[in-house]
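Please look at the sequence and the model first.

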Amino acid sequence: MIKPDRVVSTTCPYCGVGCNLMLHIKDDHIFKVTSPFDAPVNHGNLCVKGRFGYDYVYHPKRVTVPLVRRYLLEGKPKPKGREQVFAVSKDGQPVEHSKISNLWDWVETDWDTALDLVVDNLARIYKRDGSDAMAVYCCAKATNEDNYLLQKMFRAVFRTNNVDHCTRLCHAGSVVALQQAVGSSAMSNTAGQVIQNDVFIVTGSNTSENHPIIALQMKEAVQKHGAKMIVVDPRRIDLVDMAELWLPLKPGTNVPVFSAMAHVIVKENLVNHEFIANRTEGYGEFVESLEKFTPEYAEELSGVPADDIRKAARMYAGAKNGAIYWGMGISQLSHGTASALALIHLAFLTGHVGREGTGLNPLRGQNNVQGASDMGSMPFHYPGYMRVDNEENAAKWEKAWNIETGGLSRKLGLTTTEILSHAHEGGIRALYIMGENPMMSEPNLNETRKHMQQLEFLVSQDIFINESGAFADVFLPATPFSEKDGTFSNTDRRVQRVRAAHPPRGQARPDWKIICDLAKRLESKLGLVSAYWDYSHPEEVLREMGSVNSDYAGITYKRIDKVGLIYPVPDMNHPGTPTLFTESFPRGRGKFHTLDYVPVREEVDDEYPFILTTGRLLEHWHGGTMTRNSSLNEAYPEARVEIHPADAEIHGIRNGDPVKVQSRRGEIVVRATVTEKTTIGVVFLPWHFAEAAANLLTNDALDPQAKIPEFKACAVQIFPARKRDLAHPEVVLDRGRY
Amino acid sequence: MTETIHLTIDGHEISAEQGKTLLEVAREIGKDIPTICFHEATTANALCRICVVEVEGQRVLQPACVVKAGAGMKVQTRSEKVIRARRTILEMLASTMDLSEAPEIQNMMYEYGASSSRFPEAERRESEVIDDNPMYVRDYSKCLLCWRCVQVCADDAQYTFAISFDGRGFDTQIGTFFDKTIPETSCVLCGQCVGVCPTGALKPKREFLLEKGMSAQEINVLNTGRKQRKQR
C-alpha cells in the first residue's frame, strides 16, 4: 500500500459537471484519484476521465521548456510557406499526429528570451497595423483567473475586442437564444435538481458520454424517483434505454419537432395561461406562427411519428415539474439560435422555468466554459456579460484598469471562426492561443489550415505542441490543472477551487504568471500606464474581477474553500443562487420569437447520400491534447464511423471494415462500426482523432446570429477502403460496449 | 412527520426516528459498531455480519446495518456473544484471504484479539492478479465479497452492470458475464468499484505498478507506445 505524501482537494479538469476530486500524491506524482462521497456535485461518483485521465500531466511529450523557432533567434525573416516549414518533417514527409511535437525546428530557450521575442513581435505588429491586427483565443480549460487576465491583456494593452474562445463552437447558439429570450445565458437550475423533475427532455446531448455524472443523476431520477425521460436525438444513445419516449429526428430538424410540440400544447390548451400572461411577451404573434407546424408537417421533415410528438408534448406540458436539458445537437447548426429558441418556447408555454426542479438547462461542455464566458473571454462582452459597446460598461472597466477615458475599444470584436477567416494581409496578423486547438475544433480544417498559414505571428501557450501549436512561432510551456491555483465555474454556475497538487514540471509556469509577466513587458515596451499586473496570488485576480462583475462580488477563496458557491453571489453574505428567474427574467418578460423551418445548409443528394453528424466519446476530450496523450487513448485508440446495418448492407460494409468517408471538403479513412445506435441515412463520427479528423469533413456554414458552425449535419459519401489506407492499421478498438 | 420511538442501547434509554437502522441510531449516540461491507453510498446488505448486535428476545444476533430500530428494543452492542461472533468472523476472514491492504480490518483484529492462525487448515482463496484493462487491476485473493463493487456498478451508482457474482458457495467470486475481459464487457472504466473497495482487491493501475517497484518515470512512458493488437 502506498501512503500518500498528501491528498489535495480540487476540481476535475474535463467536463462541465465539475466533480470534486481528491488527488493522492506521492513524490510529486498523482497516483490515485478518489472523490468524497459527500461531494455536492458528484456524490463520490466519477467517470473514467476524472478518475484515471490525469496521466497526460506526466506524458513524456509534454513540453516544459520555452521554445522558439530558429529563424527568430537568428534574426532572419520568417520562412515562406509555413506548411513546408512547420508541418513537414526533416525528410520531407508529412508530419503524422504523433510526431507533431518533434522538436527539430524548435530551439529550447529561457523564459526571458521567449517572452521578449513575443513582446517584440506583438508590439511590432500592433504598432504597424493597430488593434484590429491582434487577436486572442482564451481557454475554457484554464481557470477563471487565467482567462480574466488574458482578455484583460488584449483589451487593456492592445485595445482590441478580438477575444473569443471555444464557446463559439459549442453553445453559442444557446447563449444567443437565451440572451434574446430571457437575458441570461447559463443553466437556470442545478443539474442535481433533475431528481425533482417528473418529466424531463434530453435533446442533442449524449449525456452518458459527455456529462457522465449528470447522466447518472438522470438515471437515478427515472429509476428511483419515478421521473419520465423523453430523449430527442438522432442516435439511439445510452439514455434511450431508460427513456419513456425516444424521438429519433433527422439531424437539423429541431425547429419543426419542438415547434410541433408547441403547436400541440397550444391546440390542446395545455398552456399555462397565468405564466404566459405574467411572465412573457409576444405570445399572440407566436401562436399565429405556430399554425403551420402541425405534427404531420414535422413528421414529414424529421421522420418522427406525429403521434410521438403529440405524446411528448402532452407529457411535458402535463408535468408538475418539467425540465429541458440540451447539448450541442441543438446549438451546432446554421440555425442553432432558432433551435434553442424552439426549446425555450416550450418552457414559456408551460411555465416550467423559475422554480426548483424545472428549467432551461444547456449542459456546458468544458470544465470552465461557463467561467471563461463569465470572465469576458468573448468579443462582445466584458466580464459579467457587460456589452463592450455600452459606454457605462466601458467606463467601469477603464476605471478598474487605469485606462484613460475612452481608451477601451467600443467596437465589437471578431468571433473564434471570424478571427481565423480574417487572417490575411490587412486583417488579423498576430494570434495568441492559450490552450485551444483550432486545427482540430474548427469546421472544414483544410480551410482552417490555410488561415493558420496566413498568420504572421502565432503564440501557443499550452502543455503540448498540438495540431495548432505546430504552426506557432513561440511556444510558452504552461501548467495543467494539477500545477496551479484558481477557480473553475461549472455548468450549473458553481464556482469551485482548483488547487496546485505539485510543483510545475520543468520550467513550466502557471498561465496567470506567464500573462502577468508578458503584460508588464508589453506595457513598458509600448510606454503604457500599467493596468496592474502585480498579483501575488490568483485570489487577488478574482477579487479584482468581482469588484466590477456583481455575479462574483461575494465570492472569496475562503468562502469556497470546502464547497463551491453558485453565482450570482452579489455580496459577502449571500448564499448563492441555485435557481434563477424565480421572480422575473433578467430582460423583464420572457420573449417569444416567431420561427421558420430552415433546412441545414448542405442537404444530402445522390452524390453525398448520408448525413454526417459529429460528437464526442466517453474516453476522449475534444481535440485530444489531453486524452490522446493519456492511458485513455488505450481505452479508445481509433476513430470509428457509426453506420446503420441497413445502410452498411447496401454498401457492402461489414463491422470493422476500413471505409473512406468523403464530403465536399475532405476525406478520411476509418473503420466502420455497424450499429443500430445510429439511424438509417445518418452516420456518426467522433472528432477527437487527428489522424482521421472529422472536422476535415464538416461544413463551415455559420449561424447568422451566433456565428456557430454547422458541425451537426453535412452530406457525405462512404466507400469501402483498403486496410493500408488507415492511418494506423495495427490499432483496433476492441471494447465490448462499442 | 416521522414517529419517534424509544429503545435501549447498552443500557441507555434513547429516542430515535422510526425507520432508522440500529447502526444509524447507535452511531448517533456515539456507539461504535464496526462495519466492513457497509458503505454510506451503497445499499446495506448485511453480508459480512461484523456489525451484529444482540437484541433481547431474538434467537440470533442481528446485523445492525439493516435491522430497523424498533420501539422497546433492548440492544447490546458489545455483549460477550457479540464480541465472540465478531472475533470469529475476523478469524475466518484472516484465514482465507489476504488482509494485508485492509488496515481497518487489521485494527479490528487487534481490538477483538482475533488470531489469524486460529483456522490453520482453512483453504485460502487465492487467485492470480487480473490485469486486463488500461485503468485498474483485480486481485481477488484480497476480495472479501462485500458486494460494494457490484452494487456501485449496478443501480447504486453507475447503472452499468458489468460485474456480478460468479460461482457458488466457497467458490463465489466477483466476475464478468461469460468471464469476459473487462474491455469486452459493458464496463465504462469509471473505477467506481475501485473507489469503494475496502481491501485493495481493486486498485488503479498506476498505484499497482508503483508498488511493483516501477518508477513514476517508467510508468509515464508506458502509454506512449501504440499497443499492438490483434485484429479479430
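## Basis of the model

The model is predicted, and local features need pLDDT of at least 70, while side-chain atom pairs count only at pLDDT 80 or more; totals for chains, interfaces and linings use all residues. Residues are numbered from 1 along each chain as its sequence is written, and chains are lettered from A and ligands numbered from 1 in the order in which they are written.

## Domains of chain A

Chain A is divided into domain 1 (6-58), domain 2 (67-96 + 105-156 + 378-566), domain 3 (188-362) and domain 4 (610-725); such bounds come from an automatic or database domain assignment. Between the C-alpha centres of domain 2 and domain 4 of chain A there are 31 Å.

In the contact of these domains, 16 residues of domain 2 of chain A meet 19 residues of domain 4 of chain A. Two residues are in contact if their C-beta atoms, placed from the backbone, lie within 7 Å. On the domain 2 side, the elements that give two or more residues are α19 (416-421), α20 (438-441) and α21 (445-454) of chain A. Helices (H or I, at least four residues) and strands (E, at least two) are DSSP runs, numbered from the N terminus. The largest share of that side, three residues, belongs to α21(A).

## Domains of chain B

Chain B consists of domain 1 (1-122) and domain 2 (129-224) by the assignment. Their centres, taken over C-alpha atoms, are separated by 27 Å. Each of domain 1 and domain 2 of chain B gives 15 residues to the contact. The domain 1 side has nine nonpolar, four polar and two charged residues. In this classification, Ala, Val, Leu, Ile, Met, Phe, Trp, Tyr, Cys and Pro count as nonpolar, Asp, Glu, Lys and Arg as charged, and the others, Gly among them, as polar.

## Contact of the two chains

Where chain B touches chain A, 37 residues of chain B are in contact with 38 residues of chain A. The elements of chain B that give two or more residues are α5 (192-196), α6 (205-211) and α7 (216-220). Of these, α6(B) provides the largest share, four residues. The chain B side has 13 nonpolar, 12 polar and 12 charged residues.

## Sheets of chain B

Five strands of chain B form an open, mixed sheet in the order β2-β1-β5-β3-β4. Two strands pair if DSSP finds at least two bridges between them. The edge strands, each pairing on one side only, are β2 (12-17) and β4 (62-63) of chain B. Strand β1 (residues 4-9) of chain B pairs with β2(B) in the antiparallel sense over six bridges, and B:I9 has B:H12 as its bridge partner in β2(B).

Three strands of chain B form an open antiparallel sheet in the order β6-β7-β10. Here β7 (residues 136-139) and β10 of chain B pair over three bridges, with B:R138 opposite B:L202 in β10(B).

## A helix pair in chain A

The axes of α4 (residues 111-129) and α22 (residues 511-526) of chain A come within 10 Å and cross at roughly 45 degrees. The contact is made by residues including A:L115 and A:L122 of α4(A) and A:L518 and A:L522 of α22(A). By class, the contact has eight nonpolar, no polar and four charged residues.

Methods: Axes are lines fitted to C-alpha atoms, for helices over the stretch in contact, and angles run from 0 to 180 degrees between N-to-C directions.
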